[in-house]
Number of protein chains: 2
Amino acid sequence: MEAEENRAPGGTAPEGYDKYAFEPFAVTVDLAVLTVRAGALQVLLVERGTQPYAGRWALPGGFVLPHESAEEAARRELAEETGLSDLTGLHLEQLRTYSEPGRDPRMRVVSVAFAALLSDPPEPHGGGDAARAMWQPYDDLGPLAFDHDRILADAHERVGAKLEYSCLATSFCPPEFTLGELQHVYETVWGTALDRPNFRRKVLATPGFVEQVPGAARLTGGRGKPAALYRAGGAKVLHPPLLRPTP
Amino acid sequence: MEAEENRAPGGTAPEGYDKYAFEPFAVTVDLAVLTVRAGALQVLLVERGTQPYAGRWALPGGFVLPHESAEEAARRELAEETGLSDLTGLHLEQLRTYSEPGRDPRMRVVSVAFAALLSDPPEPHGGGDAARAMWQPYDDLGPLAFDHDRILADAHERVGAKLEYSCLATSFCPPEFTLGELQHVYETVWGTALDRPNFRRKVLATPGFVEQVPGAARLTGGRGKPAALYRAGGAKVLHPPLLRPTP
DNA sequence: GCAAAAGTGTTTACGCTACACCCATGA
DNA sequence: TCATGGGTGTAGCGTAAACACTTTTGC
């Protein structure tokens, strides 16, 4: 429905598309940026410097500008927030839109939420003013500002589900990775342990999930047998899926 | 991100939350309302009476009002469009948000799209003015107005995927239904034939998917053995999933 | 040698597919 | 009695869980 006259608010027409006839909506994006660092699932958060929720942590985000789509706004905000210039290979996925009246006490804000996955992320540099920005472990978060707890939980749930039937996990890994690292992504996001031999077979049996790097092996933290290196393959979906263990 | 000053457009603050500082965005909902009627997948469409796209078919939808969420707007629009007063048991699911600039030539419109599933739907009565509204078969649709072809395709894809791992199919069925009708939903949405004995076993083996109605059997269109009646059970997800055949 | 991590093999159980077959009804 | 759709049984294959085992490195 696109500003269709015969279905305008209350059934009356917005006389000749009067753009200012109604209380305006602000349209923003919110970003749940996830990464696996130091063996834990971490989230990029910013500290609010002003009311409401001053001093509380929140998801990064910002206004959608008149000339850009929500996806473009999300990429721009993410680049500003992380300082990353090369966002190729970044996985950015629209989650859903949060539109409840009153979710921002100041005005009507409709927010399009995104989930983004990074590997080897840089330390963020705050937004340019009082607000700090930093990575924080997903477990052990105080309550966030606004409805961001819920957005973050939705993002976690979505990412966990997509690991089952897509090749998304490679988005958490550097360009070349070991199967142990890939398995660690699954275990960290799902919070469960997986059987290594079976995991290995599943991954290698799925054509296009990963492909071996012809070069040499790499040491894994010094200890243990050197592991073979793999790259992400061309596939997007997993057939059959790699299901979470049912506890 | 909720109208946070330090991340306002261009990095400058929207001086004291001036709600009218920017070109306003219109926020609407678009509804992809699906049903299985006469053995075919059908969609609820409205005919546009005004420019742009006058005379073209479009998805129903409308503005989000200042006091309501997108979900509430979607339910209201659906009730107005179909004349249904009892929308309990209705499956209404947010699809995604379409925000590309230029998707409506008149002004900036950000639209939250929903997929809705109905069984035994009534004939719609147009929006109250020139526009007609009617059910049309999913296959055999001319190009729709705006980007509604894409929204509808996204809805179809999402619903097809959710049939695999959720109990969504019962939303296409009346309160009491036969397993043959349930199977027909799968076959219609997926466009494939399924093996009846195997389908039956899968469904009955999933606890909470369906539960038998203690009462008597019903004739199926007069011909054949009377089929047992089932109701939707309490389960929401399917473990293990009922996967589409891979052709 | 020992610990740690990578990689291989094997056994077993279950789920799914593909059929063949029987049952109850209307015309 | 035949066509139609509901319902049951079963043989065989493939996948996957569980666990034992070998290999290669650092200390």
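1. Ala38(B) sits in the loop between strand 1 (26-37) and strand 2 of chain B. Helices (H or I, at least four residues) and strands (E, at least two) are DSSP runs, numbered from the N terminus. Phi of Ala38(B) is near 50°, a positive value in a residue other than glycine. Ala38(B) is exposed, with 8 other C-beta atoms within 10 Å. A residue counts as exposed with 12 or fewer such atoms, as buried with 20 or more, and as partly exposed in between; C-beta atoms are placed from the backbone.

2. A word on the source. This is a predicted model, where local features need pLDDT of at least 70 and side-chain atom pairs count only at pLDDT 80 or more, while totals for chains, interfaces and linings use all residues. Residues are numbered from 1 along each chain as its sequence is written, and chains are lettered from A and ligands numbered from 1 in the order in which they are written.

3. Tyr53(A) also deserves a look. Its phi is positive, about 65°, although Tyr53(A) is not a glycine. Tyr53(A) lies in the loop between strand 2 (40-47) and strand 3 (57-58) of chain A. Tyr53(A) is partly exposed, with 19 other C-beta atoms within 10 Å.

4. Check two peptide bonds in chain B. Gln51(B) to Pro52(B) is cis, with omega near -10°. Pro52(B) is in the loop between strand 2 (40-47) and strand 3 (57-58) of chain B. His239(B) to Pro240(B) is cis too, with omega near 0°. Pro240(B) comes in the segment after strand 9 (230-232) of chain B. Most residues other than glycine have a negative phi, and most peptide bonds are trans.

5. Chain A has four helices and nine strands. Of its 247 residues, 36% are buried.

6. Helix 1 (residues 70-82) of chain A has 13 residues. Its buried residues include Ala70(A), Ala74(A) and Leu78(A). Seen down the axis, the buried residues of helix 1 of chain A fall within an arc of 140° (taken from the directions from the helix axis to the C-beta atoms), so they line one face of the helix. Just after helix 1 of chain A, Gly83(A) takes a positive phi of about 75°.

7. Now the DNA. DNA strand C is surrounded by 24 residues (C-beta atom, placed from the backbone, within 6 Å). Among the closest are Gly180(A), Ala228(A) and Pro197(B). DNA strand D is surrounded by 23 residues. Lys225(A) and Lys225(B) are among the closest to DNA strand D.

Methods. Expected span 1.5 Å × (residues − 1).
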